[in-house]
Amino acid sequence: MTRVTISLPQNPYDAIIENGLLKGAGELLREILSRGKRSGNNKALFVVTVPPVLRKWGKTLMTSLLAAGFDLQLIEMDDGERHKKLATVEQLAEKLTRLGADRNAVIVAFGGGVVGDVAGLLASLYMRGVDVVQIPTTVQAQLDAAIGGKTGVNLRSGKNLLGTFHQPRLVLIDPDVLSTLPEREFRAGMYEALKCGVIGRAALFERLERVEVKVLRRDAAALEWLIAESVRLKAEVVSSDEREGGLRRVLNFGHTIGHALEAESVYRRFLHGEAVAWGMIAATHIAAATGRIEKSVAQRISAAVLGFGKLPKVEARSRDILRLLQGDKKTRSGVVHFVLPREIGQVEIANDVPEKVVVAAVNELRRLSRV
């Protein structure tokens with residue numbers, strides 16, 4: 001078992017990582033929830049999940065929670081990025097009230113990044129804030145999204161434009177649940193691990209650039225290690241910058257243009273990790289074009305991303321991406337901020353990227369996607 005502490009002044013918590021952990025979730029939750037000002041009052045758990053996760057792993061989790069003495073209520077939401085919207089939060093809140101949830105309720109987010117973001121936002125708003133526990137079931141959620149307390153939903157004009165910071169009481173990560181993920185979803189999550197390698201874990205990047213995703217998926221020990229390394233990086237950054245005032249912005253490597261690609265395609269063409277993959281290539285192209293990184297290193301990053309497998313084609317026009325970038329959360333006073341690599345394991349924030357360089361990067365994505 002690996003335990004990583006997110007050391008926040010007000011709300012420190014642990015992320016626990018271990019193969020087979022889901023079977024012991026009840027005991028771990030009982031231990032954590034028995035502490036603090038609401039101890040003894042939070043036996044009622046409201047598990048927010050989606051049908052595919054419930055079908056494959058619901059029985060394992062429910063058995064563990066019931067054995068630990070919790071009162072359970074299951075709340076299902078529709079699956080997919082297109083349901084990551086404020087209307088879904090409202091629907092879930094109405095279900096909570098009908099089920100009698102009060103201020104002592106604990107919401108358990110049991111699913112991928114969409115479930116984590118939506119259930120986290122729900123927990124931050126319901127009764128002006130109730131506890132949330134994250135039990136992520138996708139690669140991207142396990143090594144990134146479930147850590148750090150970011151919640152959010154999308155608007156038509158952009159991704160995650162409505163959201164809050166609401167830290168969980170606990171994050172439980174069981175790599176075993178990844179065994180039932182479709183290959184495409186598993187691979188999409190691995191791009192987030194590559195991102196962690198580029199921004200601050202050179203050894204992680206070097207390991208990932210040498211291994212095939214299919215081989216990695218069969219290596220339980222290696223998978224647990226890379227998830228733990230990614231979580232450690234996220235924990236270090238979040239502990240230093242809880243609300244993205246400075247250092248935490250490095251975690252957005254690949255996300256600036258990646259989010260624009262998702263929004264331009266109305267969240268239907270790309271999985272989140274796939275859009276981030278293209279975004280990392282675009283950011284690396286921008287870094288090379290502006291002299292921030294040696295071309296050989298830039299080629300190495302792009303090769304590692306493309307080496308994971310075929311990505312969906314980029315059809316977006318440059319002018320549409322430029323328009324969407326203006327609505328991105330990382331754009332300040334009309335100036336787009338990019339996270340750009342300088343070398344493997346080091347990035348910087350740039351706000352002086354010429355528009356023509358961004359256009360060239362998007363054009364390069366379109367070219368590469370047709371190779």
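Helices α10 and α13 are roughly perpendicular to each other. That is my starting point today. This is a predicted model, so please keep that in mind throughout. The angle between the two helices is about 110 degrees, and anything from 65 to 115 counts as roughly perpendicular. Their axes lie 9 Å apart. The crossing of α10 past α13 is right-handed. For orientation, α10 covers residues 255-264 and α13 covers residues 318-326.

Stay on α13 for a moment. Aspartate 320 and arginine 323 both sit in this helix, three residues apart, about one turn. They form a salt bridge, with the closest N and O atoms 3.9 Å apart. The cut-off is 4 Å. Aspartate 320 is buried, at 11% relative accessible area. Arginine 323 is exposed, at 52%.

Tyrosine 267 lies in the loop between α10 and α11. Its phi is positive, about 60 degrees, and it is not a glycine. Most residues other than glycine have a negative phi. Is tyrosine 267 buried or exposed? Tyrosine 267 is buried, with a relative accessible area of 13%.

There is another positive phi to show you. Arginine 128 has a phi near 65 degrees. This residue is in the loop between α4 and β6. Arginine 128 is exposed, at 76% relative accessible area.

Next, salt bridges. How many does a search of the whole structure find? The count is 21. One of them joins lysine 159 to glutamate 81, at 2.5 Å from N to O. This pair links distant parts of the chain, 78 residues apart. Lysine 159 is in strand β8, and glutamate 81 is in the loop between β4 and α3. Lysine 159 counts as buried, at 6% relative accessibility. Glutamate 81 is buried too, at 17%.

Another salt bridge brings together the side chains of arginine 342 and glutamate 348, at 2.6 Å, N to O. Arginine 342 is partly exposed, at 36%. There is also a network of salt bridges, and it links Asp144, Glu192, Lys195 and Lys234.

Last, the surface. Which residues make a nonpolar patch of about 230 Å²? Leu86, Leu155 and Leu162 do. Leucine 86 belongs to helix α3, residues 86-98. At 45% relative accessibility, leucine 86 counts as partly exposed. Leu162 falls within strand β8, residues 158-162, the strand that also holds lysine 159.

Terms used
Residues are numbered from 1 along each chain as its sequence is written. This is a predicted model: local features need pLDDT of at least 70, side-chain atom pairs count only at pLDDT 80 or more; totals for chains, interfaces and linings use all residues. Side-chain values use heavy atoms; hydrogens and water are left out. Patches are made of residues with over 30% relative accessible area and no salt bridge: like charges are joined within 9 Å, nonpolar side chains (Val, Leu, Ile, Met, Phe, Trp, Tyr) within 5 Å. Accessible areas come from the Shrake-Rupley method with a 1.4 Å probe; for residues, only the protein chains shown count as cover. Helices (H or I, at least four residues) and strands (E, at least two) are DSSP runs, numbered from the N terminus. Buried means under 20% relative accessible area, exposed over 50%, partly exposed in between (1.4 Å probe, protein chains only). Axes are lines fitted to C-alpha atoms, for helices over the stretch in contact, and angles run from 0 to 180 degrees between N-to-C directions. Angles under 35 degrees count as roughly parallel, over 145 as roughly antiparallel, 65 to 115 as roughly perpendicular and the rest as oblique. A crossing is left-handed if the near helix is turned anticlockwise from the far one by less than a right angle, and right-handed if clockwise.
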